[in-house]
Every structure is written in C-alpha cells, then in structure tokens.
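Colleague: I would like to learn how to read a few features in this model. Can we take them one at a time?

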Amino acid sequence: MDQLLNEMMNKIRLVIGLLLMTSMIACAEKNAKQTSMETPQGVEFTNVDAQGLKEALSSEKKMLLLDVRTPGEVSQGKITSDAKVIDFYDEDFSERLKELDKSMPIYVYCKAGGRSSSAAKMMVDQGFEKVYNLNGGVGGWVSAGYELSK
C-alpha cells in the first residue's frame, strides 16, 4: 500500500513539474515577443525603450528618426529637432513612407507607441530593412527623464 502511494505521489510530482516547465516556457516566449514584432511575411521590427533610442542617437552614424504624431502633438516638442514628421493620420501616409531610404535604420515614435507600432509594421511590409519602434513613445521618453526639443 505504501509503495502504491509513493508511486502515485511521484507521478503527481512529475505532472506538476511538467506543467510548471510548460508555463515557464510559455512565459519566456511571450516576453521574447515583446521585444520584436513579427509581420505576416515573417520579417520583424524591433521595439526599443527610451534608453535604447538614446544610445542609438549617440552611436548610429546614419539613421532616421521618424515622428508619426499629429501637428498639434509635434508642436509640444520632438525627441530631436531634426526628426522627420509624417502624420500617421494623413491619408497619404503610406505613400509618403515610400520616399524614405529603405536600407537606413529608422526609429519610429508617436505619443504612446500604438501608431508608431502600426507604422513600423507598414514599413516592414513595404520592404524597410531596419525598423525600430519606441515603446511608450514620447511619454516613455519623457518618463525616462529625457527632454524634448522645441
């Protein structure tokens, strides 16, 4: 009887262990997807935080910073004064993206990260090679202690 009870307890431990491992793997995969987003074609764009963008601004020799906010939002300040502005809500937004250099690293931002994430996906779909989305947008930039350029 004791042997049967021990075998059952070992099987229960094994099942619980497998469930825990499966949960940990699922969580790890979810966290990995938070740093890069895959489009239907399998090409990814990368999400960066404010510190990652700050480092890129210091180290990247050739890059484009793309602000996809509305004119009213842009009037409150940009991350850098030379950031290119294309309003995500403009009806010709997708066409205006085609004017940009597809081989250059492009860092996209908006107010909170939603529009820029959508813009980044559009850019990857159009064949842009190195697209980065600022997580949290301007709000995340300011919350990290960085200033806006007027």
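**A helix, a patch and some rings**

Modeller: Note that the model is predicted. Just after α5, G127 takes a positive phi of about 100°.

Colleague: Which residues of α5 are buried?

Modeller: Buried means under 20% relative accessible area. In α5 that applies to R115, S116, A119, A120, M123 and V124.

Colleague: What do the buried residues of α5 pack against?

Modeller: Their partners include strands β2 (44-48), β3 (64-67), β5 (106-109) and β6 (131-134). Helices α3 (71-74) and α4 (93-97) are packed against as well.

Colleague: Which residues form a nonpolar patch on the surface?

Modeller: L5, M9, I12 and I16. Together they have about 360 Å² of accessible area. Take I12, in helix α1 (residues 2-33). Its relative accessible area is 44%, so I12 is partly exposed.

Colleague: How many aromatic pairs does the structure hold?

Modeller: Four. One of them joins W141 and Y146. Their ring centres are 4.7 Å apart, with 40° between the planes, and the pair is tilted.

Colleague: Are W141 and Y146 buried or partly exposed?

Modeller: W141 has 2% relative accessibility, so W141 counts as buried. Y146 has 22%, so Y146 counts as partly exposed.

Colleague: Which residues form one aromatic cluster?

Modeller: F88, Y89 and F93 do.

Conventions
Residues are numbered from 1 along each chain as its sequence is written. This is a predicted model: local features need pLDDT of at least 70, side-chain atom pairs count only at pLDDT 80 or more; totals for chains, interfaces and linings use all residues. Side-chain values use heavy atoms; hydrogens and water are left out. Buried means under 20% relative accessible area, exposed over 50%, partly exposed in between (1.4 Å probe, protein chains only). Helices (H or I, at least four residues) and strands (E, at least two) are DSSP runs, numbered from the N terminus. Contact means heavy atoms within 4.5 Å. Patches are made of residues with over 30% relative accessible area and no salt bridge: like charges are joined within 9 Å, nonpolar side chains (Val, Leu, Ile, Met, Phe, Trp, Tyr) within 5 Å. Accessible areas come from the Shrake-Rupley method with a 1.4 Å probe; for residues, only the protein chains shown count as cover. A salt bridge is a side-chain nitrogen of Lys or Arg within 4 Å of a carboxyl oxygen of Asp or Glu. Rings of Phe, Tyr and Trp (its six-membered ring) pair if their centres lie within 6.5 Å; planes under 30 degrees apart count as stacked, over 60 as edge-to-face and the rest as tilted.
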